[in-house]
Amino acid sequence: MIRVRGLNKWFGEHHVLHDVDLDVARGEVVVVIGPSGSGKSTLCRCLNRLEAADSGEILVDGVPVPGEGRALARLRADVGMVFQNFNLFQHKTVLENVMLAPTKVRGVSRAEAERTARELLARVGIAEQAGKQPARLSGGQQQRAAIARALAMRPKVMLFDEPTSALDPEMVGEVLDVMTGLAADGMTMVVVTHEMGFARRAADRVVFMDGGRIVETGEPNAFFDSPRTDRARDFLAKVLTH
Amino acid sequence: MSALLDHLPEFWQGLVVTLQMTAASFLGAAAVGLVIVAMRVGPVPVLRAVATVYVETLQNLPLLVLLVLAVFGLPEIGLKAGLTTTAIVVIALYEGAYIAEALRSGVNAISAGQGEAARALGLTFGQSLRHVVLPQALSTVVQPLGNIFIALTMNTSLAAAVGVVELTAAANRVNLLEAQPIPIFVGAGLAYAAVAACAGFVTGRIERRLAVAR
């Protein structure tokens, strides 16, 4: 579903992504972990070209990601994205947030878009918040609304860029539950996260990044119980002790 | 006072021209401002450069110079239009640069994540600007736009210098007959003040109406 080859990205002098290769199969849940600044968010943002890579190729569903314009917009319509800061449209209600892209991009009628939106809001457990402005919702509710908004486009892949990092601890669970449900339903997912429990529970494969490279990748139990590289071992020792 | 009351029809006619010019040139300026800001925050380097040069040029020239150049220069190159029309177009182009800058400050005040989220959903740059970024940007710059509207109202008086008989020119004409500048220009000034006060009132209403919870 996603195929990345030889991806390089610089921010000025800083080499953020270093010859990254990554394959994500249809229905696979890949969790990307690693220390801050390891390039995992940048990698995620390159997949739908919110960041433009400097070299390398990215194919989504067999199609090279276009450089710009309408072709890029069409590709993005098929790739859902959930952000750390939710990024719900502040001037619209939750329901309108979910309806906007299907009506404007897919040309779905308002009635049908609303029906789908209400179904999705019910699925993520916030049906009763539909008429509210995003600022009136808790962080966890906002992030679930953002997931519903992405799902409304019926994406082939969902990208999650640290979806729980901006949440109060007691709200992390409700968002992870929705994501776990999605994974169980067979959604193809790339999840950048610090939630090791989620990685262990929901991932088909864990990708460990450090210094802009993919250092280690493997099936979650094997990775967490017996990491092969020193850097992965160091990282896990730091994050799993508390 | 009688100087004012005896010539009410002339004043009224001048005020009507001023209001027409204000309305027409503000609409034009809004359209120009939207186009320029879309170019300026857009992804195409050439359009960004053109928009930047446009804003810098028009903001750095006095409106009176532009009016004189247009009124006397354009007929030289075969472009002929009525005085009032010419003045409206020049004021619209000039104030459009200010509106573009006000809108741009609004766009900058909106977090980049809003535009990213819109584009990530498959909206084109134009759609994300129209449906997500500009509506929010607009709600943050209602006051500056109101100020531009008031400045534009006052600036229409410069058209008097190139022969448009709007409120200031009408007052001037009456004064040539009556030689009572103080009541005549105080009267004209009060009319401008009334327009500005209405604009201020409407601006406040619109601002409350568009307020976005964050």
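In this predicted model, Glu114(A) is partly exposed, with a relative accessible area of 29%. Glu114(A) takes part in a salt bridge with Arg118(A), in which the closest N and O atoms are 3.0 Å apart, and Arg118(A) counts as partly exposed at 40% relative accessibility. Because the two residues stand four apart in helix H4 (residues 110-123) of chain A, about one helical turn separates Glu114(A) from Arg118(A).

**Salt bridges between separate elements**

- The count of salt bridges over all chains comes to 18.
- Lys156(A) and Asp61(A) meet through their side chains in a salt bridge of 3.0 Å, N to O, and this pair links distant parts of the chain, 95 residues apart, with Lys156(A) in the loop between H5 and S7 and Asp61(A) in the loop between strand S4 (55-60) and strand S5 (63-64).
- Lys156(A) is partly exposed at 34% relative accessibility, and Asp61(A) is partly exposed with a relative accessible area of 27%.
- A salt bridge of 3.6 Å, N to O, joins the side chains of Asp210(A) and Arg231(A); Asp210(A) lies in strand S9 and Arg231(A) in helix H9, so the pair ties together parts that are 21 residues apart in sequence.
- Salt bridges with shared partners join Arg26(A), Asp61(A), Asp78(A), Arg106(A) and Lys156(A) into one network.

**Positive phi angles in loops**

- Asn87(A), although not a glycine, has a positive phi of about 55 degrees; Asn87(A) sits in the loop between strand S6 (79-82) and helix H3 (94-105), and it counts as buried at 9% relative accessibility.
- Arg154(A), also a residue other than glycine, has a positive phi near 50 degrees; Arg154(A) lies in the loop between helix H5 (139-151) and strand S7 (157-161), and it counts as exposed at 62% relative accessibility.

Methods:
Residues numbered from 1 in each chain as written. Chains lettered and ligands numbered in written order. Predicted model: local features only at pLDDT ≥ 70, side-chain atom pairs only at ≥ 80, totals over all residues. Heavy atoms only, no water. Buried < 20%, exposed > 50% of the residue type's maximum accessible area, 1.4 Å probe, protein only. Salt bridge = Lys/Arg side-chain N within 4 Å of Asp/Glu carboxyl O.
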